[in-house]
Amino acid sequence: TIGSVTTLAARPMSITHESEDYETRDIMICADVSGSMHDVDVEVFDYMREVVASLKGQRIGLTLFNGAPVMFSPLSNDYVAIDGILENLTKDIDDYVATVDGASFGSSKIGSSTIGCMNNFDKLEDEERSRALILITDNINNDKITLTQAAEYGMRYGVVLYNINAYSGDIAKLTSKLNMGDITSEEEYEMYKTGNVTGGNY
């Protein structure tokens, strides 16, 4: 599994990898490319290249969304190809955003787009596979479907959420506050809650 916590100015604090059953694990990067996420996305995509380089057999895919999800890489263990897409994202993100926007109706559809990312797991009904969704968003939602509802949908299929948010403060203090139920913002707390309730992280 991959567990990460990130800030706007720093890379994720921790990553852990278990050593068995690699080939039964699927990882989908699901990234919000709405305007408010532009600068954060470039930094996180660059970091995701390091994550991909550390994988051993797991399949990984990439879906970007704004008003609708667009899959740019299906699940694959061709890490060279996936790294190439992530590298291009860090250099030409505006081209990818234009493609996503062209397929979108409205913007910042967080809940329904997260479900769309989950549906890009090609063996969703396979109970033997483990599934991790790395969700990159600020959760400023313009959708009738909430992130909580999306998480509930994913839990039917064992999808674990690892949520990465745009946050520019002290991540240790934020995590401590959230642990105590001191809500910094509803959006922040929902990302924290859905990560933990699915067995993942924030």
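Modeller: The questions below set computed values against their cut-offs.

Modeller: Please note that this is a predicted model.

Colleague: How many helices and strands does the protein chain have, and in what order do they run?

Modeller: The secondary structure comprises seven helices and five strands. Read from the N terminus, the order of elements is β-α-β-β-α-α-α-β-α-β-α-α.

Colleague: What makes Phe105 count as buried or exposed?

Modeller: The term exposed applies over 50% relative accessible area. Phe105 stands at 73%, so Phe105 counts as exposed. Phe105 sits in the loop between helix H3 (93-102) and H4. Its C-alpha atom is separated by 8.6 Å from that of Asn66, a residue 39 positions away along the chain.

Colleague: How do you know whether H4 and H5 are roughly parallel or roughly antiparallel?

Modeller: Helix H4 covers residues 110-118 and helix H5 covers residues 147-155; they pack at an angle of about 20 degrees, with 8 Å between their axes. Angles under 35 degrees count as roughly parallel, and those over 145 as roughly antiparallel. H4 and H5 are therefore roughly parallel to each other. Their crossing is right-handed.

Colleague: Which residues of H4 and H5 meet?

Modeller: From H4 come Gly111, Thr114, Ile115 and Met118, and from H5 come Leu147, Ala150, Ala151, Tyr153 and Gly154. By class, this contact of H4 with H5 holds six nonpolar, three polar and no charged residues. Gly is counted among the polar residues, and Tyr among the nonpolar ones.

Colleague: What share of the residues of the protein chain counts as buried?

Modeller: Of its 202 residues, 48% count as buried. The chain exposes about 9200 Å², and carbon and sulfur atoms supply 49% of that area.

Colleague: What percentage of the contacts with a separation of 6 or more joins residues 24 or more positions apart?

Modeller: Such residues account for 76% of those contacts in the protein chain.

Conventions:
Residues are numbered from 1 along each chain as its sequence is written. This is a predicted model: local features need pLDDT of at least 70, side-chain atom pairs count only at pLDDT 80 or more; totals for chains, interfaces and linings use all residues. Side-chain values use heavy atoms; hydrogens and water are left out. Axes are lines fitted to C-alpha atoms, for helices over the stretch in contact, and angles run from 0 to 180 degrees between N-to-C directions. Helices (H or I, at least four residues) and strands (E, at least two) are DSSP runs, numbered from the N terminus. Angles under 35 degrees count as roughly parallel, over 145 as roughly antiparallel, 65 to 115 as roughly perpendicular and the rest as oblique. A crossing is left-handed if the near helix is turned anticlockwise from the far one by less than a right angle, and right-handed if clockwise. Contact means heavy atoms within 4.5 Å. Buried means under 20% relative accessible area, exposed over 50%, partly exposed in between (1.4 Å probe, protein chains only). Accessible areas come from the Shrake-Rupley method with a 1.4 Å probe; for residues, only the protein chains shown count as cover.
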